[in-house]
Amino acid sequence: MKRSFYKYLAGFVIGVVSVGGYAVANTNNVPIVKACIDNKTKALYASSNGSCAKGRSAIDIGATGANVKSIAQLVSPSVVSIEVTSTSGNGTGSGSIYKSNQSLSYIITNNHVIESAATSGTIEVELNNGDVLPATIVGRNSDYDLAVISIKKGNLPEIPRGNSSSVSIGDPVIAFGSPLGLSGTVTSGIISALNRPVTTGSTSAESYMDAIQTDAAINPGNSGGPLVDSQGRAIGVNSAIATTGSSIGTPGNIGLGFSIPFNQAIRIADELIATGKSTKPFLGVTFDSAYTGNGARILSLTPGAAAERAGLTVGSIVKSIDGFKVNSAVTAIVRIRSHAPGDQIIMVVESAAGSSKTFNITLGSAPALP
């Protein structure tokens, strides 16, 4: 039986209230890491014996109950709530402070959180201390469901950065955000799976994710908030949840949440901050959406693009990319989108005659949709 891809609802909540404080759930036992946190800047420093210099406080980092509290204290100042008002209604989401200079701070969130205010409307950001500030859109990328907004307030604590390429199934993780408008909410769990092909959005404007799957409770309103590892470093941007398909009430968590890898978010955020626009890798292939066999059948090729130059042909079927089995057009697109422009991919392709060939292809670059 052919495995289906994953298409889920991105969390975005209309008309909710904001409540302060933390909510902690689903604790895990992992080794404790001794560290020191700067009392002013909130920067994190390693400690070999648990002692800290003047101006720094000792904390234990891990994912047991007490250590979730420590990580909440470390990370929460970098997490914001976002409220959008537009002609289509009001909604809330979350974000994390990515970069901050003396006068301006940049915040990573999901495109679907703020896109209704892209042409008209307002965006307000609530900081962890309760301050509410107007925000402007720096840039959007609907292909990856990412966006950057900015506020005119500097010297704010930046989210600690992790490496989403080094995480493993079973690693403890913690999700931050404002589910149902409840700002400052923290939940914990594990990484349940990696490289999940997930799509969100409408048929005409789909976002493709090479997603990190987690059982940490993620609900509508968590969208755009960070998923962090057991040392409080961002490894993902919470973006979507699986639902049971009920049309009654607001969809809720069933233990299947999905996050965009943070390494991917960093590349796109840096481009948006620098130019207001971003890119995506370009193979130059249109896949046949009507194909029902295993793999992704090539329907057409873009003249002069990477696929045609490499020798791929119309009608052949992509069977794997970088060692990952391709079950459908969606999984093929997700595997390609997991790369950056200029990366090399290895594709195993079956010709219409049934012979198999391996191709090494350097991906081109194309503008991403706002």
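Biologist: How do the residues of the lining of the second largest pocket divide into nonpolar, polar and charged?

Modeller: This is a predicted model. In the lining of the second largest pocket, seven residues are nonpolar, seven are polar and four are charged. The lining has 18 residues, and Ser165, Asn195, Asp210, Pro261 and Ser338 lie nearest the centre of the pocket. Strand E12 (185-202), E13 and H3 are the elements that give two or more residues to this lining. The volume of the pocket is about 390 Å³.

Biologist: What makes Asp210 and Arg335 a salt bridge?

Modeller: The cut-off is a side-chain nitrogen of Lys or Arg within 4 Å of a carboxyl oxygen of Asp or Glu. For the side chains of Arg335 and Asp210, the N to O value is 3.0 Å, so the pair meets the definition of a salt bridge. This pair links distant parts of the chain: Arg335 belongs to helix H5 (residues 329-337) and Asp210 to strand E13 (residues 205-214), 125 residues apart. Both Arg335 and Asp210 are buried.

Biologist: Why can such side chains pair at all?

Modeller: Side chains of opposite charge can pair when their charged atoms come close. The structure holds six salt bridges.

Biologist: Why is H5 called mostly covered?

Modeller: Eight of the nine residues of H5 are buried. Among them are Ala329, Val330, Thr331 and Ala332. Val334, Arg335, Ile336 and Arg337 in H5 are buried too.

Biologist: Why are Lys99 and Asp270 called partly exposed?

Modeller: Partly exposed lies between the limits of 20% for buried and 50% for exposed. Lys99 has a relative accessible area of 30%, so Lys99 is partly exposed. Asp270 has 29%, and therefore Asp270 is partly exposed as well. The side chains of Lys99 and Asp270 meet in a salt bridge, at 3.2 Å from N to O. Lys99 lies in strand E6 (residues 89-100) and Asp270 in helix H3 (residues 262-275), so the pair links distant parts of the chain, 171 residues apart.

Biologist: How do you know that Arg267 and Glu271 are separated by about one helical turn?

Modeller: They are separated by about one helical turn because Arg267 and Glu271 are four residues apart in helix H3. Their side chains meet in a salt bridge, with an N to O value of 3.5 Å.

Biologist: Why does Asn222 count as buried?

Modeller: Asn222 has 2% relative accessibility, which is under 20%, so Asn222 counts as buried. The place of Asn222 is in the loop between E13 and strand E14 (226-228). Leaving aside neighbours within four places in sequence, Asn222 is in contact with Ser94, Phe176, Gly177, Ser178, Pro179, Ala217 and Asn238.

Biologist: What can be said of the chain as a whole?

Modeller: The chain has five helices and 24 strands. Of its 370 residues, 50% count as buried. Its accessible surface comes to about 16,000 Å², of which 51% belongs to carbon and sulfur atoms. Among contacts between residues at least 6 apart in sequence, 64% join residues at least 24 apart.

Methods:
Residues are numbered from 1 along each chain as its sequence is written. This is a predicted model: local features need pLDDT of at least 70, side-chain atom pairs count only at pLDDT 80 or more; totals for chains, interfaces and linings use all residues. Side-chain values use heavy atoms; hydrogens and water are left out. Buried means under 20% relative accessible area, exposed over 50%, partly exposed in between (1.4 Å probe, protein chains only). Contact means heavy atoms within 4.5 Å. Accessible areas come from the Shrake-Rupley method with a 1.4 Å probe; for residues, only the protein chains shown count as cover. On a 1 Å grid over the protein atoms alone, a cavity is a set of points where a 1.4 Å probe fits but cannot get out, and a pocket is an open set with protein on both sides within 12 Å along at least five of seven lines; lining residues have an atom within 4 Å of a point. Grid points are joined across faces, edges and corners, and a volume is the space filled by probe spheres set on the points. Ala, Val, Leu, Ile, Met, Phe, Trp, Tyr, Cys and Pro count as nonpolar, Asp, Glu, Lys and Arg as charged, and the others, Gly among them, as polar.
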